[in-house]
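Welcome! Please take a look at the sequence and the model first.

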Amino acid sequence: MTPAMNFDHESLGQRVLFGTHMAAQNLAAATSRWHTPLVIAARHDTHLVDPILGALAAAPRFDDVRPHVPVEQAEAARRTAHEIGADVLVCIGGGSTTGLAKAVALTSGLPIVAVPTTYAGSEATNVWGLTSTQRKQTGKDARVLPTTVIYDAALTLSMPAELSISSAFNALAHCIDSLWAPKADPINAALATEAIRALAQALPILFDDPGALAGREQALYGAYLGAVAFASAGSGLHHKICHVLGGRFDLPHAQTHTAVLPHVLAFNAPYTGAAERIADALNASSAVDGFNALHRSVRAASALRNYGLREQDLDEAVELILPVVPERNPRPVTPENLRALLHAALVGDQAARLTP
């Protein structure tokens, strides 16, 4: 007989406006009640930002956006928001841009209207992150959850093909990690499973036909659901690893998630019933086989050494990761098996993914 359910689930309140080629009109509608916006968008995204701003074109803009949200950039953006008397933050861009807006909201309480241009998912969570002295600190706070998210698949077309793939795997990381994270429950498991299905359908399209908006809509849909699940479930082993690696060794965010995820999945899969959900969502006989086949088929990032991590960095990485490993991880984590996992991700060793 199935045991009685017992869980504590929290749903975050947020408005989502989803429509391809509708970013400009949705942004105008979403910001009409505020008077002094601060637009946060990276310089290299100007070609995306300018066409959708409309009446916001004359608004002050902060464009010094950097990966992992260094504290110095956060403080500079906070000063700008204070100096102009901003009453709303409009962030347009990827996860680093959204993260910077969250850093401002964390201390100011200003509302955020987020317009994502990647599949990062940060826009759907109340999770913030800041990097200082090569250490990434994360936390949760209701103030950083955007009040409105505007999704427009056309805005993702400018992503290079490789980044589109890595960004989608970053979204898959939210899904998979939320199945064994500290507050995993049946509701976020259902969301995560549907998100895995959507992303698994989207990835081959992103690879074979990067200009197809249908694939990009599926990817955005999956990214949103995965992020909602992650916001509820919290950070599991995968995110703890990637936050340490990104903050300490300045590795690119999406590619790091893409290279590490196959190994965390193989590490945990034999120890959790969640693997059956993942396999079903991937239409595969096993979670690991299905994931590895998908990973290979789209030539996803597979070796952290290609992004700057070195063999001599692994001992320090193990030392930094072990204290933040979640207690509820399905498999006990030791210095030895954690180092083996990191080494496999360093070199992109597919065979090591299957080691129990």
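The protein chain has 13 helices and eight strands; helices (H or I, at least four residues) and strands (E, at least two) are DSSP runs, numbered from the N terminus. Its radius of gyration is 19 Å, close to the 21 Å that the globule rule gives for 356 residues, so the chain is as compact as a globular protein of that length. That radius is taken over C-alpha atoms, and the globule rule is 2.2 Å times the number of residues to the power 0.38.

This is a predicted model, in which local features need pLDDT of at least 70 and side-chain atom pairs count only at pLDDT 80 or more, while totals for chains, interfaces and linings use all residues. Residues are numbered from 1 along each chain as its sequence is written, and side-chain values use heavy atoms, with hydrogens and water left out.

**The whole chain**

- The C-alpha trace spans about 55 × 45 × 40 Å along its principal axes.
- Of the 356 residues, 58% are buried, where buried means under 20% relative accessible area, exposed over 50% and partly exposed in between (1.4 Å probe, protein chains only).
- Among contacts with a separation of 6 or more, 76% join residues 24 or more positions apart; contact means heavy atoms within 4.5 Å.

**S178, in a loop**

- You will find S178 in the loop between α5 (161-177) and α6 (186-208).
- S178 is buried, with a relative accessible area of 0%.
- The side chain of S178 reaches the backbone oxygen of C175 at 2.7 Å.
- Beyond its neighbours within four places in sequence, S178 is in contact with A184, N188, A192, A229, F230 and A233.

**N337, in a helix**

- N337 belongs to helix α13, which covers residues 335-347.
- N337 is buried too, at a relative accessible area of 16%.
- A polar atom of the N337 side chain lies 2.8 Å from the backbone nitrogen of T334.
- Setting aside neighbours within four places in sequence, N337 is in contact with F267, R331 and P332.

**E276, on the exposed side of the scale**

- Look for E276 in helix α10, residues 274-281.
- E276 is exposed, with a relative accessible area of 65%.

Definitions and conventions. A polar contact is a pair of N or O atoms within 3.5 Å; within protein, one must be able to donate a hydrogen and the other to accept it, and residues adjacent in sequence count only if both atoms are side-chain atoms.
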